[in-house]
Amino acid sequence: MSTVMIVGAGPTGLTLACELAVRGVSFRIVDSAEGPFAGSRAKGVQPRTLEVFDRLGIVDEIVSSGLVGLPYRQHTADGGFLDVPRPVPAQRPDVPWPAPVLIPQWRTEAVLRGRLEALGGRVEYGTALVDAEVTNDAVRAKLEHAGGTDEVELAWLVGCDGGRSTVRRIVKLGFLGETHEDMRMLVGDLHVEGVDRAHWHVWRPEGGGFLAMAPLAGTEAFQLQIAIGPKSPDSPTLENFQQLVERYTGRSDIRLSRPDWTSLWRANVRMVDRYRAGRVFVAGDAAHVHTPAGGQGMNTGIQDAFNLGWKLAAVQRGADSALLDSYEAERLPVARHVLELSTRLAATTLSSKTQGLIARTEDTSQLGISYRESPLAHELRSAPGSLRAGDRAPDVPGLVDREGRSLRLFDVFRGPQATLLAFGEGWGPVLDVGLAAAAGVHAVRVLSPGIAVPEDGGTPTLVDSLNHASTIWEPGTGALFAVRPDGVIGFADDRRDPVALVTWLRVAGLAR
Ligand SMILES: Cc1cc2nc3c(=O)[nH]c(=O)nc-3n(C[C@H](O)[C@H](O)[C@H](O)COP(=O)(O)OP(=O)(O)OC[C@H]3O[C@@H](n4cnc5c(N)ncnc54)[C@H](O)[C@@H]3O)c2cc1C
């Protein structure tokens with residue numbers, strides 16, 4: 001019997017599957033579609049998601065398959081244009097990927113699928129979840145496929161099955177919000193003659209609306225987004241796309257052909273009232289839908305899955321199932337924020353003359369998302385700095401190990417484990433107690449240059465050769481941080497108290 005049933009193999013379900021596979025949790029991942037989705041849909045992978053991909057070991061493939069810093073070309077009614085540069089922000093010591101990568105969703109999914117296959121997992125296409133019976137002890141899921149129907153018993157069911165989620169309906173979660181019938185777009189991947197591929201082209205006709213054409217890296221196609229009025233023809237045919245392009249641009253030399261994927265999009269701004277109903281969870285679009293402005297949808301779904309995966313694995317290993325309540329406590333406020341953000345950005349997109357379709361701010365990067373109010377955030381220092389338990393664990397370059405190799409902190413975090421990060425001296429006994437109690441946790445000491453590296457040969461020691469760690473992590477005269485498997489600081493203390501650490505490890509399901 002598999003432990004977890006993942007319904008839906010979009011970016012959310014695939015990320016969850018990778019997270020379970022890497023931890024050896026048995027699962028099935030089913031998708032009602034006959035094969036992988038072929039459209040570009042979400043094309044902006046945000047900096048925080050790139051950090052998830054780093055931990056999964058696929059960030060280089062994603063970055064090398066995409067585009068970064070593509071400038072906007074805002075076309076004007078007189079046939080001229082205004083170029084809006086989008087310089088790539090400089091790399092910061094704490095943020096290795098400061099800009100989103102533009103890459104079609106089907107390719108992001110293909111890279112995730114490749115990782116899943118390398119971990120031994122496989123999507124079962126052509127298999128739909130049609131019903132489920134949920135008790136306190138198990139879930140009985142009914143699946144339909146070409147060969148008939150199957151009933152399977154599982155410990156957990158996770159609905160990653162998109163905006164029209166069957167799982168959400170089965171467990172009767174509310175999906176609260178609004179449908180904006182007046183906000184509609186034709187979206188599609190088409191071949192375009194008459195525009196260059198070095199810009200993201202935007203037209204905003206006097207009468208309102210917009211047309212955007214973004215070249216899709218590694219293909220010959222562009223993604224077209226055309227906001228249409230209530231009376232506009234809304235069938236996503238090549239003829240309609242061509243007609244609208246001529247009307248919005250005032251040009252007949254732009255010729256469209258070979259539609260790889262087309263769709264009519266309507267604005268739905270909704271989210272669930274709960275993320276969990278007993279043994280059932282929802283994640284990604286099944287839990288929240290909103291406008292594409294700000295490029296948040298897929299990213300939020302991937303982060304949902306990344307939050308849930310290690311917790312499900314910990315509970316399967318015997319941790320208290322109350323750990324799983326922290327999933328909703330942490331992710332529901334994020335969904336609420338993303339709905340507000342994308343609605344605000346959609347209004348700017350429709351009204352502004354120069355702003356592009358994907359705003360790039362600290363907010364849209366998702367780097368600032370924090371779980372300080374979570375039951376898993378134990379901030380125990382009397383005078384913490386700006387970085388606190390619940391925050392994203394930032395990167396640090398220039399950490400030199402015993403062999404003289406220079407590492408980044410993200411090199412230390414990479415993989416499925418949690419990390420105890422001890423700054424300064426005198427943490428040996430606390431680390432010994434913590435590591436003896438924990439499973440799937442490792443420890444690293446970070447010392448300032450000039451402090452003698454202890455010869456005890458136990459915990460690996462890194463020297464903060466560029467002093468970035470002391471500025472970014474603000475450990476003062478010494479601090480111990482615990483970094484969760486999803487790259488979030490769970491625990492921060494400066495009292496060299498092993499009991500406090502073991503308490504946190506238990507709450508986080510990382511120790512018995
Ligand atoms: C036209 C359009 C444009 C968009 N543009 C952007 C953008 O620019 N930026 C952005 O961030 N987001 C954008 N989005 C949103 C983004 O594509 C979604 O947020 C993202 O796909 C969500 O991923 P997911 O894995 O949660 O769900 P999905 O990608 O919807 O995947 C759900 C999967 O579940 C499967 N499924 C459904 N029901 C069942 C069932 N009963 N049994 C088994 N399988 C089932 C489906 O076949 C599907 O493969 C756009 C969406 C659309 C439609």
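A polar contact is a pair of N or O atoms within 3.5 Å; within protein, one atom must be able to donate a hydrogen and the other to accept it, and residues adjacent in sequence count only if both atoms are side-chain atoms. The model is predicted, so local features require pLDDT of at least 70 and side-chain atom pairs pLDDT 80 or more, while totals for chains, interfaces and linings use all residues. Residues are numbered from 1 along each chain as its sequence is written, and side-chain values use heavy atoms, without hydrogens or water.

Asp78 lies in the loop between β4 (72-75) and β5 (81-84), strands being DSSP runs of E of at least two residues and helices runs of H or I of at least four, numbered from the N terminus. The side chains of Asp78 and Thr76 form a polar contact of 2.7 Å. The Asp78 side chain also reaches the backbone nitrogen of Gly80 at 2.9 Å.

The ligand is surrounded by 29 residues, each with a heavy atom within 4 Å of it. Among the closest are Arg41 and Asp285. A polar side-chain atom of Arg41 is 2.8 Å from a ligand oxygen, and a backbone N or O atom of Gly297 is 2.9 Å from an oxygen atom of the ligand. A ligand nitrogen lies 3.0 Å from a polar backbone atom of Ser32. Elements giving two or more residues to the shell around the ligand include α1 (11-22) and α7 (297-316). The most, 3 residues, come from β8.
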